[in-house]
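Subject: Structure handover and notes

Dear colleague,

Please find the structure below, followed by my notes on what was found in it. I would be glad if you could read them with the coordinates open.

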Protein chains: 2
Amino acid sequence: MRLSRYFLPVLKENPSEAQIVSHRLMLRAGMIRQQAAGIYSWLPLGYKVLKRIEQIVHEEQIRAGHIPLLMPTLQPADLWRESGRYDAYGAEMLRIKDRHERDMLYGPTNEEMITDIFRSHVGSYKDLPLTLYHIQWKFRDEVRPRFGVMRGREFLMKDGYNFDIDKPSALHAYNRHMVSYLRTYERMGLTAIPMRADSGPIGGDDTHEFLVLAQTGESEVFYDDRVTQLKLGDREVDYDNWDEVAGVCKEFTTLYARTDETHDAAKFAEIPEEHRKVGRGIEVGQIFFFGTKYSEPMGAVVVNDKGERVPVQMGSHGIGVSRLLGAIIEASHDEKGIIWPEGVTPFHAGIVNLKQGDGAADAACEALYKALAAAGLEALYDDRNERAGAKFATMDLIGLPWRITVGPRGLEKGVVELTSRRTGESEELAPEAAVARLVEIYAAHR
Amino acid sequence: MRLSRYFLPVLKENPSEAQIVSHRLMLRAGMIRQQAAGIYSWLPLGYKVLKRIEQIVHEEQIRAGHIPLLMPTLQPADLWRESGRYDAYGAEMLRIKDRHERDMLYGPTNEEMITDIFRSHVGSYKDLPLTLYHIQWKFRDEVRPRFGVMRGREFLMKDGYNFDIDKPSALHAYNRHMVSYLRTYERMGLTAIPMRADSGPIGGDDTHEFLVLAQTGESEVFYDDRVTQLKLGDREVDYDNWDEVAGVCKEFTTLYARTDETHDAAKFAEIPEEHRKVGRGIEVGQIFFFGTKYSEPMGAVVVNDKGERVPVQMGSHGIGVSRLLGAIIEASHDEKGIIWPEGVTPFHAGIVNLKQGDGAADAACEALYKALAAAGLEALYDDRNERAGAKFATMDLIGLPWRITVGPRGLEKGVVELTSRRTGESEELAPEAAVARLVEIYAAHR
């Protein structure tokens, strides 16, 4: 994309309404625009990151054997009356009447609707196990929306639901989700720690939240800091192998890590002092096992291998897709702006032309732009008639992890400069070598 | 995808509520489920087609130089009061009050919001031309939703908005949209004819609808049937070349083709009798030029090259993404089921194992499945313990354009059968040759 033809409305001033750094930087980098309290437009740069995050979530869900579908944003109230949550949910549920005065609502989550789909179409244990998920806009009418997309009212969430014949199968589904989530967050450059949590209005016994450590987090967290060193890395996990999946979960949940809701001071005190940490965390996902909480009242039963009708065992599993943009920025920025991890960056590299209009510089930039595209990498080429300082400031603000700087002086020596946004380190390279380096870097993030 | 692990709830019976063939087939093929009047869940197969269609729309918009973003589903009423449409829109607009009693609405279209984004961030002719678009769920509270996704209440639409400094530039944007739409529909296997239309509540002078001919269409159409022979094909169009783009538009809009709204009996009579046709059509898109209808009341002004403040010239351009599934099926089906065009098929091919459990047949199917995946083609492998007739019926119903049938008898001769869903013709081939043929076929649809 050539910046002269793009729509990137960066702000020079710090917006006064933003209380936390991710909100401030998303506004300044021209990623979002508030349309009403807690309701945002995703401007082109923000939309690109949102789509990359969504894509990673899809890929990891499909890798785990989960099946995508899409439920609508509006739901009939009657479904929620069946589960008893229509009255219980409170003022956060946005209730709507249509032109025929029928009670509708903007879905804050989808347990009821997916259970309805299941009971209408599935009747036998032979069709299990089954995990269905979707990525759809939700609405929760928060009293005081704030922190930008971190606590918006209209937000994008991945929510998945497993259906299993018995509790052991359902607990395997729970574990499978945990592992797929660990991989999902790692691909986004995040360390998200699974912590035992409270189940809240979803209900159920087993639940873990995934928390990204950040000073601005809404939850207080207590943990053994060796938990932050755990990595899934590029190991292959066979999602059909119950023991292997359970083994990974054990590895990631044995060290102490809890939110204030489930904190146990005595157990915490057992951690060696040098590893005992108190901090804050941002919740970016949660998994639940809740058994027959919805299948019983809603009649989602299947025939088991003995010919008996049994309510299906369920769980639900969510990732806050739009909220993740805020969480990633909270975890990865500096005083100049955002620093995107390679896995989610909106463009793979920026190209800064130090002397727009100079024949050699323009030609070298065009050639680089095309060579990157041919290699499957998307560059943002700053081809505006601006001074170098302004171009650097924009690139630093929007946080592309790699920048190629092209100027007449370097070209005389046959080189361009490749700069890491994270370290600030630069290297002079022939243009082809710079392209080859970027190809190599991103090969690890495919 | 292995069918034994998929969620494909096909129906044996014809659903009584479906009045038209696309609605009936989408229900029978397990593509959609109605959750409330005019509100559908997209089950896995339907979701896959929806995503393919969405992807084609994105690719062709980006090819034309248009920039994607995403506006929210809910909008504040105040924006619509500025344009005067809040009261004018009528009962089709779903009006909502949030917990603080603020007036909101579920967006039926986005002229106001995009104009608001534009006026907040763009001030100079130097930032023009600019075309922004999104693909987002909309809601229109139809009195009597029907025909499945063809006339739903919650529906997915691509809507794009051009901003130009003067009328000639804006008319070029209009033409550019027309050409990009022609290419979009052709890639989906559709013949969609641009017809001069009425502007309705969007307003404006110039507008064309794109209509797919089908007996179940909601509009009566009058046309010279030579218009159905026009093809864009694989010619390259330079979207920055005003004359070239205008030339394509002229080619596609010179022959008579109008809806009943703009029909001119005298002109129609001039068509040679053998080419004069009356039929019905399904609207799958519409483009509008409306100048300053929104920019004037909403103060979307830019400074031109003489330093004067002028309201920006606009147009809006929509494609009915979810409705397209219905339109494609109306145009492409037979008594056995759907026939997907290659461009939008949910899976590239089906694999039918005639004797599940037979070692040679199972191994050949697995090998084919993997070879197709390695070639970038996704197969739906029917690995269930069902008789051949049931497997064929399912494949015919869901409409994958190509089927590979694998059985012990063929394998003894070293062949499998490749069958075209459209023609019913079969060919015996070595498995590798079948894969090669499919690769060749789909290379034309990338």
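Which residues have the most contacts inside the largest nonpolar core? They are A:W42, A:F163, B:W42 and B:F163, in a core of 233 residues. A nonpolar core here is a set of buried Ala, Val, Leu, Ile, Met, Phe, Trp, Tyr and Cys residues joined through side-chain atoms within 4.5 Å, where buried stands for under 20% relative accessible area, exposed for over 50% and partly exposed for what lies in between (1.4 Å probe, protein chains only).

Before going further, the conventions: residues are numbered from 1 along each chain as its sequence is written, while chains are lettered from A and ligands numbered from 1 in the order in which they are written. This is a predicted model, in which local features need pLDDT of at least 70, side-chain atom pairs count only at pLDDT 80 or more, and totals for chains, interfaces and linings use all residues, with side-chain values based on heavy atoms and with hydrogens and water left out.

The same surface serves both copies, since 98% of the contact residues of chain A recur in chain B, contact being defined as heavy atoms within 4.5 Å.

Leaving aside neighbours within four places in sequence, A:F163 is in contact with residues including A:I114, A:F118, A:L128 and A:P129. A cis peptide bond joins A:L128 and A:P129, with omega about 0 degrees, and A:P129 is placed in the loop between α5 and β7 of chain A; helices (H or I, at least four residues) and strands (E, at least two) are DSSP runs, numbered from the N terminus. In chain B, a cis peptide bond joins B:L128 and B:P129, with omega about -5 degrees. Helix α5 of chain A (residues 111-121) is mostly covered, eight of its 11 residues being buried, and A:I114 and A:F118 are among them.

Helix α10 of chain B (residues 321-331) has 10 of its 11 residues buried, so it is largely enclosed by the rest of the structure; the buried residues include B:R323 and B:E330.

Cavities

There are seven cavities of 30 Å³ or more, a cavity being a set of points, on a 1 Å grid over the protein atoms alone, where a 1.4 Å probe fits but cannot get out, with lining residues having an atom within 4 Å of a point. Of its 18 lining residues, A:E54, A:W137, B:K51, B:E54 and B:W137 lie nearest the centre.

Backbone

A:E101, although not a glycine, has a positive phi of about 65 degrees, and this residue is exposed at 55% relative accessible area.

Best regards

Methods:
1 Å grid on protein atoms, 1.4 Å probe; cavity = no way out; pocket = protein on both sides within 12 Å on 5 of 7 lines; lining within 4 Å. Points joined across faces, edges and corners; volume = space filled by probe spheres on them.
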